[in-house]
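The sequence and structure come first, followed by notes grouped by topic.

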Amino acid sequence: MSTTALDPALLTPESLSAGLLSRLGAREDLSRGFGRSTAAALPGAVPLLGGAPSADALPLEALHRAAADLTGDPAALVGALQYSTPGGVAPLREWVARREGVDASRVLLTNGAFHGLSLLFDALLDRGDRIVVEDPTYPLIFRDLQHHEVEVLPLPLTAEGLDLDSLEDRLEAGARPKLLYTVPDFHNPTGVVTPAFQRERLLALAEHYGFVIVSDNAYAGLAFPGVQVPEDYSTQSELVARVRTFSKILGPGLRLGYLVLPSWLVGPVTRLRANQDQHSSVLVQETVARVVGAGDHAPLDGGLDAIADRARTLYARRADLLLRLLDEGVPGGVRAAQRTGGIFLWAQVLDEGIDLAAAQRLARERFGTDAVLGRYFFLADSEEDHGRLRLGFSHLDEEALAVGAERLIAALTAPEARR
Ligand SMILES: Cc1ncc(COP(=O)(O)O)c(C=O)c1O
């Protein structure tokens, strides 16, 4: 050991951070953070933020039985406590492969959708590469994309879907993105379901110009009753990577999802994964395998689709209730063009005289509720409020939703929220 000890004055968190953090470690969080609240939530607050399944929709009994079955079987438990392979445990991987209509070698279990995206971005993106992102989009992807220092090309997304004419113009003019990130079903935040003809056209563009469609289908399976959803981007294409998760149906705390990869990406993504955390928790994979009925297990609680069916019925009711209360309570009305599934409402406040940012502040600081301002989802970081709020309703029962709605109406109609 050297005889010159470090000056104790240098052992402060500030100087250690300045001296030791990497460029990446020192980086500010560039995601726009859903309008970080400066106000602490008021006691008894009923925020309309959400983003997670309802406690009433989680398959508690099935998960309990699955965990009991696993932990009650010493041989299975020993297996679940040992190292495994990067792709995931065979029965669950094969179950996924059958559902997705691919060979199991193309499936890689991940720690949720966000992790799957991060692996794909790592495998594909170098500094200066271009990627196309829907505008508005799920902004947390920028937390990962910031590491890659890519150029982001916005692809306008409206209630009618993607503006593929503008994308085609840019491609024809020479833009060469490496990948395009899209949320095809119940898009976060807009709720848009990309129509089938746009999926086909986008795939044709990807195959013509050579970019990967990263299809983040985090809300797959959560169509409201009666809503038909087109097929996800085809796994027949070598330019499609599907990203899926069990988070929104079985619970995000499981941290389990999967990728369906084109064959040429299997090796690179598997290597990256193996060099990172090796594999997802075997205990969690084996538990989920029992719930969904993978391998020789019988599905519990009806399996994944039955569990999702109960959730989507509940969410449709909650979405309707919230929208009706807001529409009746806010002069000028509140609309949601795409109320077809998922766990958010992209609510348009029709009275342009309402300053949504001021209303949101009042909601947080005075009335005890909260919502995400629409502007946080758009690529341009501006004060323009787009007349939209993203409302999460899945986690609140009808009584709590009524309270949240009443408080949000109070904030939207307060004199201080007028422009
Ligand atoms: C579009 C989208 N992708 C990915 C995720 C993250 O999913 P996971 O919790 O499985 O990482 C979310 C969660 O809100 C999401 O909305």
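Helices (H or I, at least four residues) and strands (E, at least two) are DSSP runs, numbered from the N terminus. By that scheme, Pro 136 sits in the loop between β2 and α6 (141-145). The model is predicted, so local features need pLDDT of at least 70 and side-chain atom pairs count only at pLDDT 80 or more, while totals for chains, interfaces and linings use all residues. Residue numbers start from 1 along each chain as its sequence is written.

**Overall build**

- The protein chain has 14 helices and 12 strands.
- Its radius of gyration (taken over C-alpha atoms) is 23 Å, close to the 22 Å that the globule rule gives for 419 residues, so the chain is as compact as a globular protein of that length.
- The globule rule is 2.2 Å times the number of residues to the power 0.38.
- Along the principal axes, the C-alpha atoms fill a box of roughly 65 × 65 × 55 Å.
- Of the 419 residues, 43% count as buried; a residue is buried if 20 or more other C-beta atoms lie within 10 Å of its own, exposed if 12 or fewer, and partly exposed in between, with C-beta atoms placed from the backbone.
- Two residues are in contact if their C-beta atoms, placed from the backbone, lie within 7 Å.
- Among contacts with a separation of 6 or more, 74% join residues 24 or more positions apart.

**Domains and their interface**

- The chain is divided into domain 1 (60-292) and domain 2 (305-417), with bounds that come from an automatic or database domain assignment.
- The domain centres, taken over C-alpha atoms, are separated by 27 Å.
- Across the interface, 25 residues of domain 1 are in contact with 23 residues of domain 2.
- On the domain 1 side, the elements giving two or more residues are β2 (130-135), β3 (151-158) and α9 (247-250).
- That side of domain 1 is made up of 17 nonpolar, 5 polar and 3 charged residues.
- For these classes, Ala, Val, Leu, Ile, Met, Phe, Trp, Tyr, Cys and Pro count as nonpolar, Asp, Glu, Lys and Arg as charged, and the others, Gly among them, as polar.

**Nonpolar core**

- A nonpolar core is a set of buried Ala, Val, Leu, Ile, Met, Phe, Trp, Tyr and Cys residues joined through C-beta atoms within 7 Å.
- The largest such core has 111 residues, and Val 214 and Val 288 have the most contacts inside it.
- Helix α12 supplies the largest share of this core, 8 residues.
- Domain 1 (60-292) and domain 2 (305-417) each give the core at least three residues.
- Beyond its neighbours within four places in sequence, Val 214 is in contact with Leu 117, Leu 120, Leu 179, Leu 180, Tyr 181, Ala 241 and Val 243.

**Ligand shell**

- There are 13 residues around the ligand, and Gly 112, Ala 113, Phe 114, Thr 245 and Ser 247 come nearest; a residue is near a molecule if its C-beta atom, placed from the backbone, lies within 6 Å of it.
- The shell around the ligand holds 6 nonpolar, 6 polar and 1 charged residues.

- Ala 316 lies in helix α12 (residues 303-329) and is partly exposed because it has 19 C-beta neighbours inside 10 Å.
- Leaving out residues up to four places away in sequence, Ala 316 touches Phe 224 and Pro 225.
- From C-alpha to C-alpha, Ala 316 and Ser 394 are 9.1 Å apart in space, and they are 78 residues apart in sequence.
- His 115 belongs to helix α5 (residues 113-124) and is buried because 23 other C-beta atoms lie within 10 Å.
- Not counting residues up to four places away in sequence, His 115 touches Thr 110 and Gly 257.

**Backbone features in loops**

- The peptide bond from Asp 135 to Pro 136 is cis, with omega near 10°.
- A cis peptide bond also runs from Asn 188 to Pro 189, with omega near 20°; Pro 189 is in the loop between β5 (179-182) and α8 (196-209).
- Phe 186 is in the loop between β5 and α8, and its phi is near 50°, a positive value in a residue other than glycine.
- Phe 186 counts as buried because it has 29 C-beta neighbours inside 10 Å.
- Asp 301, in the loop between α11 (282-292) and α12, has a positive phi near 60° and is a residue other than glycine.
- With 18 other C-beta atoms within 10 Å, Asp 301 is partly exposed.
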